[in-house]
Amino acid sequence: MPASHPTQKSVWDLRRNELLSSLARPPQATFNRSGRLTALASASRRVPDRLVAESLAQMLESVTGERVLLLLIVPSDSGATAKVWSPLHSLPNNGFAFADQLQHLDGFDRLTLRVTNHLAERPFLSAFFGHCARHFGHVLIHVDADAPRQALAEAAGRASATYVLAQQTVDSLFEFNQLDRELRQAREGVATDLKLVLCLEHDEVPQPAEDFIKQIGQPAHLNLHESPATMDALHSHCGGPWPAAFKSDVRRLAREIGRCRVGLALSSGGAKGLAHIGVLQVLEENGIEVDVVAGTSMGAYIGALWAFGHDGQFVERKARELEGKWGLLKLIDPAFPPRRGFIHGHAIQQRLERSIGDARFEQLARPLRVVTTRFDTLERVVFSTGEVSPVVLASCAIPSVFVPVRLDGESYIDGGVSDPLPVDVLREAGVERVIAVNIIPTSAFLRCAREHEREQVDVKRRRFDFLRLLNQQINYFAYGNILDVTQRAVIGGQIRAAEDACRQADVVLRPLACDSRWHDFSNPGKYISLGRRVAEENLADIKQLVNRKEPIHEHETPHHELAAAA
């Protein structure tokens with residue numbers, strides 16, 4: 001807002017002075033942050049932040065179904081004509097005081113506010129933001145790069161989250177640090193939790209998280225792939241469709257702001273975990289987007305392929321490469337002597353790397369969390385940075401079958417030992433809606449499966465079967481032999497943990513079969529079909545969860561009497 005001049009007795013000047021005067025009274029109550037306000041800034045002038053803000057506002061209305069206001073904070077010398085705005089307390093019907101200044105766009109409303117560096121404007125901004133939050137489901141505050149820092153400081157102080165668009169250049173990251181310091185100074189030493197949103201150009205690969213931590217003290221919060229990171233790229237896109245990756249990432253950010261992110265938890269289960277593939281295929285076919293994937297053991301392997309960007313059909317083709325009687329042999333690289341395990345696991349890691357290369361977590365198309373277990377302490381360790389394939393191998397390292405995997409000087413074993421169904425990992429990441437795929441059988445199901453096995457054995461015992469007898473004597477995986485006993489002991493500990501996790505999930509899928517074996521990789525089609533069937537049976541519940549609109553009904557303590565009247 002332009003500074004007042006005594007010689008200009010406009011309606012705006014008179015009402016503005018009255019407003020600021022009334023706001024000078026001591027506050028009535030301690031201010032509480034509102035969950036409806038989100039701040040957006042930029043640490044690079046090459047990033048088309050206005051475009052991202054408008055796309056985000058449109059997506060936010062789409063995913064929440066609530067009324068969205070995009071509030072543009074621009075400097076007063078931008079050349080815009082001064083508006084005559086009514087003061088907030090002038091409307092007895094509690095309507096929005098600036099309704100006549102709104103621009104009604106496709107899916108959202110836009111309002112432009114011109115500000116100066118005048119200190120007296122800061123309390124007005126505080127009341128103004130609160131007033132907007134009371135009349136809109138979500139307010140996205142986009143602060144122009146040339147706007148005074150006090151405007152961004154006030155927006156960051158009121159917002160539930162502050163996102164900063166940047167590029168992975170030295171200048172942009174320096175600007176991010178400078179912005180953080182200036183906001184800290186403007187807020188009198190109070191730190192602002194700035195979330196770095198990385199704008200990646202076509203085929204640009206994000207730097208490792210460790211590099212960002214060294215430069216700005218935190219990893220990138222989210223990547224916008226295929227972003228028009230220059231004005232030339234922006235102009236070339238005008239009138240044309242946006243890249244699918246860019247739109248998908250913006251929708252993911254919108255769901256985060258709207259608190260309706262969808263997470264997918266994939267359990268351990270060995271070959272039975274191939275059912276995860278069928279679930280993924282059904283989700284894809286019905287346009288259900290997943291924001292974060294968390295996987296344990298086989299769930300981590302399938303989740304890594306999907307998070308990399310491969311679709312369910314590709315993952316099925318990779319699984320069917322093991323189809324046939326001797327398919328399992330492709331996964332075995334014996335350890336000799338078998339002192340710590342029978343299999344090294346290098347063959348499994350190499351198979352994964354043929355599909356994802358040496359990809360790092362930061363480079364994945366979807367955020368991924370992989371659960372492992374530290375061998376020495378048996379505590380759960382969740383990985384979300386670094387190279388993916390060795391971490392996935394560690395998550396799959398079944399005790400006594402695989403040699404423990406070394407990562408950064410520590411030994412790790414199967415994540416299923418500590419967390420077989422990582423629903424809590426998604427909840428800790430702030431994911432609001434969780435779909436869990438649980439391959440871990442219950443005791444009652446195991447009882448039924450054992451009865452089925454006995455029926456089959458009784459039939460076979462009617463005739464002498466030399467191969468069956470030989471298999472029982474030399475196959476360590478056969479029923480009752482050492483590796484089968486070990487796996488049953490592990491599953492016994494997993495059952496209760498998995499059931500506890502299911503109670504934390506919103507939708508639980510259980511693709512279980514009585515005749516399943518954890519090492520039965522030679523029959524992938526059976527498990528994939530099972531996963532598809534269970535997902536389709538629960539499709540109505542999944543759609544209801546994903547499409548549910550949850551309006552925000554939060555009460556915010558007024559900061560001033562004027563704000564309370566608004």
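In this predicted model, Leu-368 is in contact with Val-293, Gly-303, Ala-304, Ala-307, Phe-361, Phe-383, Ser-384 and Val-388, leaving aside residues up to four places away in sequence. Leu-368 belongs to the largest nonpolar core, which has 65 residues. Within that core, the members that touch the most others are Leu-264, Tyr-301, Phe-361, Leu-368, Val-388, Val-392 and Leu-509. Helix H10, residues 298-308, contributes the most to this core, with eight residues. In soluble globular proteins, nonpolar side chains tend to be buried together.

Helix H4 spans residues 149-158, and nine of its 10 residues are buried, so the rest of the structure largely encloses it. The buried residues are Gln-150, Ala-151, Leu-152, Ala-153, Glu-154, Ala-155, Ala-156, Gly-157 and Arg-158. Over the whole chain of 566 residues, buried residues make up 54%.

Charged pairs come next. Side chains of opposite charge can pair when their charged atoms come close. The structure holds 32 salt bridges. One of them joins Asp-109 to Arg-67, with the closest N and O atoms 3.0 Å apart. This pair links distant parts of the chain, 42 residues apart: Asp-109 is in strand E4 (residues 109-115), while Arg-67 is in the loop between helix H2 (49-64) and strand E2 (68-75). Are the two partners buried or partly exposed? Asp-109 counts as buried because its relative accessibility is 7%. Arg-67, at 42% relative accessibility, counts as partly exposed.

Arg-255 and Asp-291 form another salt bridge, with an N to O distance of 2.6 Å. Here too distant parts of the chain are linked, 36 residues apart: Arg-255 lies in helix H8 (residues 244-257), and Asp-291 lies in the loop between helix H9 (275-285) and strand E10 (292-296). Both Arg-255 and Asp-291 are buried.

Glu-410 is in strand E14 (residues 410-413) and Arg-374 is in strand E11 (residues 368-374), so the pair ties together parts that are 36 residues apart in sequence. Glu-410 has a relative accessible area of 29% and is partly exposed.

The last step concerns helix packing. Two packed helices are described by the angle between their axes and the distance between the axes. H9 packs against helix H18 (residues 524-537) at an angle of about 45°, and the axes are 6 Å apart. H9 is therefore oblique to H18. The crossing of H9 past H18 is right-handed. From H9, the contact is made by Ala-275, Ile-277, Gly-278, Val-279, Gln-281, Val-282 and Glu-285. From H18, it is made by Tyr-527, Ile-528, Gly-531, Arg-532, Ala-535 and Glu-536.

The chain as a whole has 20 helices and 16 strands. Among its contacts between residues at least 6 apart in sequence, 78% join residues at least 24 apart.

Notes
Residues are numbered from 1 along each chain as its sequence is written. This is a predicted model: local features need pLDDT of at least 70, side-chain atom pairs count only at pLDDT 80 or more; totals for chains, interfaces and linings use all residues. Side-chain values use heavy atoms; hydrogens and water are left out. A nonpolar core is a set of buried Ala, Val, Leu, Ile, Met, Phe, Trp, Tyr and Cys residues joined through side-chain atoms within 4.5 Å. Buried means under 20% relative accessible area, exposed over 50%, partly exposed in between (1.4 Å probe, protein chains only). Helices (H or I, at least four residues) and strands (E, at least two) are DSSP runs, numbered from the N terminus. Contact means heavy atoms within 4.5 Å. A salt bridge is a side-chain nitrogen of Lys or Arg within 4 Å of a carboxyl oxygen of Asp or Glu. Axes are lines fitted to C-alpha atoms, for helices over the stretch in contact, and angles run from 0 to 180 degrees between N-to-C directions. Angles under 35 degrees count as roughly parallel, over 145 as roughly antiparallel, 65 to 115 as roughly perpendicular and the rest as oblique. A crossing is left-handed if the near helix is turned anticlockwise from the far one by less than a right angle, and right-handed if clockwise.
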